[in-house]
Amino acid sequence: KKVVYSGIQPSGLLTLGNYIGALSNFRELQEEYNCLYCIVDMHAITVAQEPKDLRKNTLDILSLYLAAGLDPEKSIIYIQSHVPAHAELAWILNTITSVGQLQRMTQFKDKSKRSKEVLAGILNYPVLMAADILLYQSSFVPVGEDQRQHIELTRDIAQRFNSRYSETFVIPEILVSKVGAKIMSLQDPTIKMSKSDPDKNSYILILDSEDETRKKIKRAVTDSIGEINYSDDQLAIKNLIDIYTAFSGKTSEEVVDYYKDLGYGVFKEDLGEVVVEGLRPIRERFKEIRSDGEYLEKVYREGAEKASYLANKTLRKVYRKMGFIAK
Ligand code: TYM
């Protein structure tokens, strides 16, 4: 079986974008592939984290993984910092990665623009991500569109290592969902939905209350055209249709046909219900799972053990090929 690998940062709670673009696709993949789903706490610290928040957020994401149907009997679910091989391989990969290429990453450019002092961790972030993926000989990486450039970099790094030291890494491919690979802000459809947005109305959190969810959808910006079309001239409506499609399984044509003459108000009202219904089972299961600390600990311990075994196998191979003396 081929390997699927993905990770989510425990930096606050997940948005509808994280859910539609990534998490909602994870469950099905378990049936066909050997999946690893990681909580990337070492990536999260590239932005200053309050230790108690990081602790809480990590267990929240773990609980959301389980609430969304990830099954520790089928997949390896673990916390990145529990497997030191990630940091070790990242160091090795740093020695064959060009600074210029890292500086050209759009996420690096965005993040460094916004901060006074640019920390090395932000620059090297994608190298750690490459290590995550390559350690497990992953073939597919299900992520949102915003991660495409990082996956391309991962491929470059893997190819560079393979051609220098002989075939070692599988070259991974990105797996993006057909709809919703980039969910946009509800307040500005030209920027992606993100939990770092200061305007809380711009995103829906998976764990928002049902009322908040409905309200945020009601408040979502639209346009003055007044007719529902799936078009780049109506980015706000297009984004809402994508969300509807992702939860209902209907196509965008079906949604447009049905709502075309009903108006924005009715459409938003129904969308609110579709999202609330779609998230309800996850929201309910989350509460149950999150309160069972013993179970969570069992899951991440076992996950770390299984992941370490696989990661260390790759790491030993890498060390040997590079000429490190085995102990
Ligand atoms: P992160 O934690 O920012 O986001 C988690 C996942 O959510 C997707 N996503 C979106 N999809 C659609 N619309 C949006 N508005 C939206 N916002 C976020 C992201 O693409 C991602 O799939 N670097 C990664 C974490 C990571 C990783 C990895 C992923 C670290 N190592 C190895 C895969 C494999 C990140 O910051 O995701």
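Residues are numbered from 1 along each chain as its sequence is written, and side-chain values use heavy atoms, with hydrogens and water left out. Because the model is predicted, local features need pLDDT of at least 70 and side-chain atom pairs count only at pLDDT 80 or more, while totals for chains, interfaces and linings use all residues.

The helices come first. Two packed helices are described by the angle between their axes and the distance between the axes. Helices (H or I, at least four residues) and strands (E, at least two) are DSSP runs, numbered from the N terminus. Axes are lines fitted to C-alpha atoms, for helices over the stretch in contact, and angles run from 0 to 180 degrees between N-to-C directions.

Helix α1 (residues 16–32) and helix α10 (residues 235–248) have axes that come within 11 Å and cross at roughly 55 degrees. Angles under 35 degrees count as roughly parallel, over 145 as roughly antiparallel, 65 to 115 as roughly perpendicular and the rest as oblique. The helices α1 and α10 are therefore oblique to each other. Their crossing is left-handed; this term applies if the near helix is turned anticlockwise from the far one by less than a right angle, and right-handed applies if it is turned clockwise. In α1, the residues L16, Y19 and I20 meet I243, A246 and F247 of α10, where contact means heavy atoms within 4.5 Å. By class, this contact of α1 with α10 has six nonpolar, no polar and no charged residues. In this classification Ala, Val, Leu, Ile, Met, Phe, Trp, Tyr, Cys and Pro count as nonpolar, Asp, Glu, Lys and Arg as charged, and the others, Gly among them, as polar.

Helix α4 (residues 85–94) and helix α13 (residues 293–322) form another pair, with axes that come within 10 Å and cross at roughly 30 degrees. It follows that α4 and α13 are roughly parallel to each other, and their crossing is left-handed. On the α4 side, A85, E88, L89 and I92 take part, and they meet A311, N312, L315, V318, Y319 and M322 in α13. The contact of α4 with α13 has, by class, eight nonpolar, one polar and one charged residues.

For α7 and α8, the axes come within 9 Å and cross at roughly 70 degrees. That angle makes α7 roughly perpendicular to α8. The crossing of α7 and α8 is right-handed. Y125, P126, M129, A130, I133 and L134 of α7 make the contact with H150, I151, L153, T154, I157 and A158 of α8. Sorted by class, the contact of α7 with α8 has 10 nonpolar, two polar and no charged residues.

Attention now turns to single residues. S6 is in strand β1 (residues 3–8) and is buried, with a relative accessible area of 1%. Buried means under 20% relative accessible area, exposed over 50%, and partly exposed in between (1.4 Å probe, protein chains only). A polar atom of the S6 side chain lies 2.8 Å from the backbone oxygen of P142. Such a polar contact is a pair of N or O atoms within 3.5 Å; within protein, one must be able to donate a hydrogen and the other to accept it, and residues adjacent in sequence count only if both atoms are side-chain atoms. Not counting residues up to four places away in sequence, S6 touches F26, L36, Y37, C38, P142 and V143.

S177 is found in the loop between β5 (173–175) and α9 (210–219). S177 is buried, with a relative accessible area of 14%. Its side chain reaches the backbone oxygen of V179 at 3.4 Å, and S177 touches I20, G21 and N25, again not counting residues up to four places away in sequence.

E254, in helix α11 (residues 252–259), counts as partly exposed at 43% relative accessibility. The backbone nitrogen of T251 lies 2.9 Å from a polar atom of the side chain of E254.

Two residues concern the backbone angle phi. Most residues other than glycine have a negative phi. Q137, in the loop between α7 (120–135) and β4 (140–142), has a positive phi near 55 degrees. S166, which is not a glycine, has a positive phi of about 85 degrees. S166 is in the loop between α8 (148–165) and β5, and at 38% relative accessibility it counts as partly exposed.
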